Amino acid sequence: EDKVVQSPLSLVVHEGDTVTLNCSYEVTNFRSLLWYKQEKKAPTFLFMLTSSGIEKKSGRLSSILDKKELFSILNITATQTGDSAVYLCAVLNYFEKLTFGTGTRLTIIP
Amino acid sequence: DSGVTQTPKHLITATGQRVTLRCSPRSGDLSVYWYQQSLDQGLQFLIQYYNGEERAKGNILERFSAQQFPDLHSELNLSSLELGDSALYFCASSGRGTGNTEAFFGQGTRLTVV
């Protein structure tokens with residue numbers, strides 16, 4: 001059975017800190033790994049990663065994938081209160097099956 | 001705007017009733033996924049359709065059913081509703097042809113069973 005595990009489950013840091021969120025997976029026919037941010041409503045798409053070792057970057061957020069060790073990390077530097085959210089990792093396989101982890105709840109204290 | 005449309009936005013109904021939630025995927029997307037999210041819980045995968053056919057099934061109750069129509073919109077039917085079915089129901093779509101495509105979410109339908 002396909003599995004996506006995120007850690008930590010919850011993280012509380014002060015504004016300005018840097019955080020690293022982890023996502024490991026066991027998925028057959030891996031195609032891509034996706035990161036989402038969920039605040040009060042629907043998850044919003046952040047990154048899609050398909051190749052190992054290539055960093056994707058958007059402002060203070062960046063992510064990288066290691067297909068050999070089967071994990072990805074999401075980094076957020078200089079955190080702001082607006083970064084408080086649940087961050088979801090999901091893996092898509094070649095049969096269009098999308099498997100989500102349970103998420104990491106990030107809380108930024110001003 | 002993700003391009004995925006869900007209706008209705010909110011729904012309040014009594015126990016024992018039946019409701020239908022509707023999802024229109026992004027133009028060209030062939031896959032539709034349904035998820036349930038209870039208060040402060042993670043996304044629970046219910047079911048996936050790809051181009052009209054059921055592709056994968058998660059923790060979907062027998063009281064729940066879904067289908068995807070020829071125009072690719074999907075409906076999730078929830079029957080004999082119980083208080084515990086109160087949740088946010090999300091639909092996501094993906095799968096434009098053979099390229100790598102991310103999945104985008106609709107804004108969800110909030111179901112309250114009273």
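Select B:S94 to begin: this residue is buried, with a relative accessible area of 0% (buried means under 20% relative accessible area, exposed over 50%, partly exposed in between, with a 1.4 Å probe and protein chains only). The model is predicted, so local features need pLDDT of at least 70 and side-chain atom pairs count only at pLDDT 80 or more, while totals for chains, interfaces and linings use all residues. Residues are numbered from 1 along each chain as its sequence is written, chains are lettered from A in the order in which they are written, and side-chain values use heavy atoms, without hydrogens and water.

B:S94 belongs to strand β9 of chain B, residues 87-94 (strands are DSSP runs of E, at least two residues, numbered from the N terminus). Show its contacts (heavy atoms within 4.5 Å): leaving aside residues up to four places away in sequence, they include A:E96, B:D29, B:Y33 and B:T101.

Next, select A:V4, A:Y25, A:L33, A:W35, A:Y87, A:V91 and A:L106. These have the most contacts inside the largest nonpolar core, which has 22 residues (a core is a set of buried Ala, Val, Leu, Ile, Met, Phe, Trp, Tyr and Cys residues joined through side-chain atoms within 4.5 Å). Apart from this core lies another, of 21 residues, among them B:V4, B:V32, B:I60 and B:Y89.

Now display β1, β3, β8 and β7 of chain B, which form an open antiparallel sheet in the order β1-β3-β8-β7 (strands pair if DSSP finds at least two bridges between them). β1 (5-7) and β7 (64-68) of chain B stand at the edges, each with a single partner strand, so one side of each has no neighbour in the sheet. Finally, select B:T7: it stands opposite B:R22 in β3(B).

Notes. Helices (H or I, at least four residues) and strands (E, at least two) are DSSP runs, numbered from the N terminus.
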